[in-house]
Amino acid sequence: MQIPLRPEDLRSCRSHPRTIADTAAGPVEYADRGQGEPILAVHGTLGGCDQGLVATEFFRVNGFRIIAPSRPGYLGTPLSTGSSPAEQADALAALLDEIGINGISVFGGSGGGPAAYALAARHPEKVSRLLQVDSISHSVAPVPFARLGARDPAIKLQLWFLRHSAAPMLKFLFRRFGQMSGARAADLAAAVAADPVRIAHLEAILLASSGWAGRREGLDNDLVTFRALAPLGLEAITCPTLIMHASGDATVPPENARNAHERIPGSELYWMEGSHLSFFLEEGDTAPGYALEWLRGNSPAGRVPEPGP
């Protein structure tokens, strides 16, 4: 059984209270939302604990408790807590110690992927399951104009178009950040523009990327770190691992998923169609629903694995 998201669920993520934990690795800001089995939500580049909540809200409304930290350099967690994925993994482990959680499912998204992979490799006792969505697993070149596009005026412009002329903007984004035909991009843009929940999801993601002053240090650190990413110790990961990736992702290329799948023993690779945000734009009974059942410990039946790109 799945409970669908509502726009108000997504909007409430940004106003959810945050706490600063004084961990053995340094201060870590986090948000704690929901009840049930916990999931640690490791946010992507230009995020923070608010983005982690948005990314995993579908899981919360379906019975999970979300622990969403801000990675170092983002919002209330200083960069001194840990700049490398290994240091950030150690800080995540220290946060779990501080709040008394051991053996947790971990969600890593995009630029949060390296820290989540490193957590499972360096602290196997902490991670019971690892779900990665469009995540970085090896060195990647920065997206052109990443810092310019992250500025508040650029995000405000995207929000204006999303609220007043969504379909044309979405078509441009799907073509720019995903490998799909113009016709397919237009069809997907029209479907998303007509769906209040998916529009609310995109809006929440953009809002959870705004506030340049509070995210700039983390973004700059990510851009430098990911350009020459040190090995993450993927071969040491022993927990059940599900790697989901958009086959047309032009932000985090699909070879990141193949690299992780080939190196993590027993991992599962699930291809999605489309671009970097496909997971959040699909209907609940496709990729998000599959991930939900996997996190519940079920084996989703009737799915034929998609071929890779």
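Modeller: Let's start at threonine 56, which counts as buried because its relative accessibility is 0%. Buried means under 20% relative accessible area, exposed means over 50%, and partly exposed is in between (1.4 Å probe, protein chains only). This is a predicted model, where local features need pLDDT of at least 70 and side-chain atom pairs count only at pLDDT 80 or more, while totals for chains, interfaces and linings use all residues. Residues are numbered from 1 along each chain as its sequence is written, and side-chain values use heavy atoms, leaving out hydrogens and water.

Threonine 56 sits in the loop between helix 2 (49-55) and helix 3 (57-61). Helices (H or I, at least four residues) and strands (E, at least two) are DSSP runs, numbered from the N terminus. Skip the residues up to four places away in sequence, and threonine 56 touches Ala41, Ile66 and Phe107; contact here means heavy atoms within 4.5 Å. From threonine 56 to valine 42 you count 14 residues in sequence and 9.7 Å in space, C-alpha to C-alpha.

Now zoom out. The chain has 14 helices and eight strands, and buried residues make up 54% of its 309 residues. Among contacts between residues at least 6 apart in sequence, 75% join residues at least 24 apart. The radius of gyration, taken over C-alpha atoms, is compared with a globule rule of 2.2 Å times the number of residues to the power 0.38. A compact globule with 309 residues would come out near 19 Å, and the chain's 18 Å agrees with that.

What about the inside? A nonpolar core is a set of buried Ala, Val, Leu, Ile, Met, Phe, Trp, Tyr and Cys residues joined through side-chain atoms within 4.5 Å. The largest one has 39 residues, and Leu40, Val106, Tyr117, Leu119, Leu130 and Ile237 touch the most other members. Helix 5 gives this core its largest share, seven residues. Nine of the 10 residues of helix 5 are buried, so the rest of the structure largely encloses that helix; among the buried ones are Pro114, Tyr117 and Leu119. As for leucine 130, its contacts beyond four places in sequence include Val106, Tyr117, Ile237 and Trp294.

Serine 110, in the loop between strand 5 and helix 5, has a positive phi of about 55° although it is not a glycine. Serine 110 is buried too, with a relative accessible area of 16%. Aspartate 134, in the loop between strand 6 and helix 6 (146-149), has a positive phi near 50° and isn't a glycine either. Its relative accessible area is 1%, so aspartate 134 is buried.

Leu157, Trp160 and Phe161 make a nonpolar surface patch of about 310 Å². Patches are made of residues with over 30% relative accessible area and no salt bridge, joining like charges within 9 Å and nonpolar side chains (Val, Leu, Ile, Met, Phe, Trp, Tyr) within 5 Å. A salt bridge is a side-chain nitrogen of Lys or Arg within 4 Å of a carboxyl oxygen of Asp or Glu. Phenylalanine 161 belongs to helix 7 (residues 152-164) and is partly exposed at 32% relative accessible area.

Technical notes: Accessible areas come from the Shrake-Rupley method with a 1.4 Å probe; for residues, only the protein chains shown count as cover.
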